[in-house]
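We'll take each term, check its rule, and see what follows.

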Amino acid sequence: MAKKDLDWSNLGFGYMKTDKRYVSYFKDGAWDEGALVEDDTITMSECAGVLQYAQTIFEGLKAYTTEDGRIVTFRPDMNAERMINSAKRMEMPPFPKERFIDAVEQTVRANADWVPPYGSGATLYIRPYMFGQNPVIGVKPADEYQFRTFVTPVGPYFKGGAKPITIKVSDFDRAAPRGTGNIKAGLNYAMSLHAIVTAHAEGFDENVYLDPGTRTKIEETGGANVLFVDQDGNIVTPKSDSILPSITRRSLVAVAKDYLGLTVTEREVYLDEIGKFAECGLCGTAAVISPVGCINDHGKEIVFSAGREEMGPVTKKLYDTLTGIQMGHLPDKEGWVHEIC
Ligand code: PLP
Ligand code: COI
């Protein structure tokens, strides 16, 4: 076994078939014991619940090579818990937390040659997911499911890496009040496809969505939570029942308070007040923390005072501290780093 011969430093955020994936089937009311398989394809009924009524949920986390050569992941227990919440909301059988962590460990270990080397800027993206498999034609939950996990090496989610991006205020909503915005269901992403294609066609990197109830408050983007830095260098992050509880955002909030001594306020953030912030960043597993230089609100450019050329100083400190913990060159005070091999 040897590391794959990839141009690690120039990877984009894309899918590449790796050696093994984990599969467990749910039938007759129970999950089977699960196994690693080589086949990357899935055969199912034309009437499968996932195909007809989008009964599918997923997670996203990463594996990293540390400075001293270990392969680790970050807070997989949080992803397991979030997937259990997603499953309950979608009337799917929750996949037990310890089994989720075991599936992640097994899949990463079996694909260790695909884990990008330390310092390459790339990481191994881990995608656990679950879907309804048996035929469903009346609107109801499936009785049979698959839980699967695959991995793929990835580079930065936004092209240009650390250069601030420009996002637009979307005219579409990604979630409904009391809908599924706070879980990781495929349907939320299907909802956002037309909006992202439109934003890209207009030259923007992403959409920021407003709260679907009043359309006056900042929610999140298609794949990340939002974090602002005020003029005193403190953090403000939107609070809403219809955003996904990002593990990265919750970790950055702890980093800001406990490692950097900053004040963090989680509150409703109105679109008409964001011009006063110094910095803005998008946080998520894929995005890590990607700086935003400008939010375009129907032609009105809201430019953060840290500017459009460089990541702002507080965003940079948050980025360096979080990735430092993940890569093993800063102390892991909270026990977030989970060693795989
Ligand atoms: N918000 C949305 C809509 C996402 O898809 C993601 C990605 O998982 C996030 C936020 C960030 O969450 P996390 O930090 O747990 O990856
Ligand atoms: C992640 O950050 O894991 C996500 O799921 C975002 C996705 C849009 C790539």
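This is a predicted model: local features need pLDDT of at least 70, side-chain atom pairs count only at pLDDT 80 or more; totals for chains, interfaces and linings use all residues.

Residues are numbered from 1 along each chain as its sequence is written, chains are lettered from A and ligands numbered from 1 in the order in which they are written, and side-chain values use heavy atoms, with hydrogens and water left out.

Q: What makes the pair between Lys-184 and ligand 2 a polar contact?
A: The rule asks for a pair of N or O atoms within 3.5 Å (within protein, one must be able to donate a hydrogen and the other to accept it, and residues adjacent in sequence count only if both atoms are side-chain atoms). A polar side-chain atom of Lys-184 lies 2.7 Å from an oxygen atom of ligand 2, so the pair qualifies. A backbone N or O atom of Ala-286 lies 2.8 Å from an oxygen of that ligand too. Alone, ligand 2 exposes 280 Å², and the protein buries 89% of that (Shrake-Rupley method, 1.4 Å probe).

Q: Which side chain has a polar atom 2.5 Å from an oxygen atom of ligand 1?
A: That's Tyr-189. Lys-184 turns up here as well, with a side-chain N or O atom 2.8 Å from an oxygen atom of ligand 1. The protein covers 96% of the 380 Å² of accessible area that ligand 1 has on its own.

Q: How do you know which residues of the shell around ligand 1 are nonpolar, polar or charged?
A: Ala, Val, Leu, Ile, Met, Phe, Trp, Tyr, Cys and Pro count as nonpolar, Asp, Glu, Lys and Arg as charged, and the others, Gly among them, as polar. Sorted that way, the shell has 5 nonpolar, 8 polar and 4 charged residues.

Q: Why are S16 and S17 called paired strands?
A: Strands (E, at least two residues) are DSSP runs, numbered from the N terminus. Two of them pair if DSSP finds at least two bridges between them. Antiparallel S16 and S17 are joined by 4 bridges, so they pass. They form a hairpin with 2 residues between them, and His-298 in the turn has a positive phi of about 50°.
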